[in-house]
Amino acid sequence: MAQKIRIAVTPGDGIGPEVVAEAVHCLEALRSRHNLPMEWTRFPWPSHAWHEENGESMPADALDQLKQYDAILLGALGDPGPVDDPDRYLLPDSISLAPLLDMRKGFDQWVCERPARLLPGARQYLADERAKDIDMLVIRENSEGEYVGQGGRLRKGSPDEVATQMEVFTRRATDRIIRYGFEQARLRAAARAEEGKTRHFHTRDGKTCESQVCIVTKRNALRYWGDMYTEAFEELAKQYPDVATHHELVDAACMKFVQAPWAFDVVVASNLQGDILTDLAAVLSGGMGVAPSCNLNPDDPSMPSMFEPTHGSAPDIAGQGLADPTAMLFTTARMLEWLGRKNPAIAAAGRELYDAVAADLAENAGTTRGTQEIGKAVRDRLK
């Protein structure tokens with residue numbers, strides 16, 4: 001008997017419960033159709049509602065509970081909406097989003113991986129026709145750096161207040177995220193070769209490679225970790241002579257993401273800089289409404305990885321049935337492919353879901369539809 005795959009479903013705030021409901025309906029359809037060994041449990045936390053009732057966003061043993069699962073499917077965290085209710089229970093972002101950091105750190109989800117590919121039917125924000133060829137993978141170091149959470153506030157609220165926010169970078173975490181980037185570059189090149197869609201990237205010494213890794217730093221101003229990233233990148237690149245390498249400062253990378261995003265393949269960046277770059281990449285691939293995201297621990301299969309769409313809680317439309325679940329459904333497909341490492345049938349179901357969502361997106365470009373209507377249309381393609 002195949003090992004049962006267990007998923008923790010955490011809808012969260014705002015539109016989270018609405019889009020997660022459609023994702024669960026798709027999981028139900030796939031499980032029924034293919035007799036997949038999957039089960040899931042819905043948790044009412046982390047959320048504003050849980051905090052309002054209990055004085056905390058999630059219970060003290062939340063990580064212990066979630067550790068019993070193979071993956072976490074998260075809807076959204078933040079302002080629960082509706083924005084026209086001035087008396088709604090509203091928490092500071094530092095509190096409402098803290099569970100995200102707790103899960104990422106607690107389960108050592110050191111890779112945040114966000115693909116950026118302009119699919120047919122997605123909105124093209126760049127006028128240049130070459131924007132149709134955007135196909136990059138932005139990999140964000142997810143365990144330390146700018147989001148390590150060390151620091152404090154002295155003389156809070158006074159004119160002499162001092163706030164400190166420390167950045168912490170280790171060579172171990174630096175090496176593993178850069179190596180992961182090189183490995184993904186090779187895998188992407190192999191997949192393109194199978195599809196007959198080989199790309200070419202030029203190296204500084206005149207060679208041509210079928211994949212590329214671009215490291216992003218701010219080493220001209222943040223020299224200590226920037227130099228360490230650069231040195232680690234150059235050392236590891238020697239082990240991947242088949243992969244072209246490139247370096248960009250983060251401000252220049254933002255500019256070039258807009259000027260020529262089709263020139264990038266795999267991009268590796270620190271926690272904060274990767275956070276910014278991935279949101280920009282999401283817009284280039286059609287917007288937050290279609291962009292998936294995942295937080296992975298590739299090393300330890302006993303730790304759950306977490307899957308969440310790039311978008312937030314969208315309090316302006318929460319509860320109105322207007323939220324587009326496309327990003328959530330793409331994220332769910334990505335989760336199934338990840339879980340498919342243990343069961344190929346689940347990986348195949350993930351690809352089936354991805355294809356159904358992509359086909360729905362292509363067929364209904366520019367059409368305004370409600371949350372449930374889109375979810376039903378995707379499920380109809382799964383039948």
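The lining of the largest pocket divides into 22 nonpolar, three polar and 16 charged residues. Here Ala, Val, Leu, Ile, Met, Phe, Trp, Tyr, Cys and Pro count as nonpolar, Asp, Glu, Lys and Arg as charged, and the others, Gly among them, as polar. The model is predicted: local features need pLDDT of at least 70, side-chain atom pairs count only at pLDDT 80 or more, and totals for chains, interfaces and linings use all residues. Residues are numbered from 1 along each chain as its sequence is written, and side-chain values use heavy atoms, with hydrogens and water left out.

The largest pocket holds about 1,500 Å³ of space. A pocket is an open set of points on a 1 Å grid over the protein atoms alone, with protein on both sides within 12 Å along at least five of seven lines; a cavity is a set where a 1.4 Å probe fits but cannot get out; lining residues have an atom within 4 Å of a point. Grid points are joined across faces, edges and corners, and a volume is the space filled by probe spheres set on the points. The pocket is lined by 41 residues. Pro 115, Arg 117, Asp 135, Arg 188 and Tyr 354 lie nearest its centre. Strands E4 (111-117) and E5 (135-141) each supply at least two lining residues, as do helices H6 (171-195), H10 (326-339) and H11 (344-363). Helices (H or I, at least four residues) and strands (E, at least two) are DSSP runs, numbered from the N terminus. H6 gives the largest share of this lining, nine residues.

Thr 174 also lies in H6. Thr 174 counts as buried because its relative accessibility is 1%. Buried means under 20% relative accessible area, exposed over 50%, and partly exposed in between (1.4 Å probe, protein chains only). Beyond its neighbours within four places in sequence, Thr 174 is in contact with Glu 144, Met 228, Tyr 229 and Ala 232. Contact means heavy atoms within 4.5 Å.

The whole structure has two cavities of 30 Å³ or more. The largest cavity has about 80 Å³ of space. Its lining includes Asp 70, Asn 297, Trp 338 and Arg 341. By class, this lining has four nonpolar, two polar and four charged residues. The second largest cavity has a volume of about 40 Å³. Helix H5 (residues 98-106) gives the most to its lining, with three residues.

Helices H8 (residues 250-259) and H9 (residues 271-284) have axes that come within 10 Å and cross at roughly 5 degrees. H8 is therefore roughly parallel to H9. Axes are lines fitted to C-alpha atoms, for helices over the stretch in contact, and angles run from 0 to 180 degrees between N-to-C directions. Angles under 35 degrees count as roughly parallel, over 145 as roughly antiparallel, 65 to 115 as roughly perpendicular and the rest as oblique. The contact of H8 with H9 has 10 nonpolar, one polar and no charged residues.

Backbone geometry was also examined. Most residues other than glycine have a negative phi, and most peptide bonds are trans. The bond from Trp 45 to Pro 46 is cis, with omega near -5 degrees. The bond from Gly 81 to Pro 82 is cis, with omega near -10 degrees. Asn 35, not a glycine, has a positive phi of about 55 degrees. Asn 35 is exposed, with a relative accessible area of 69%.
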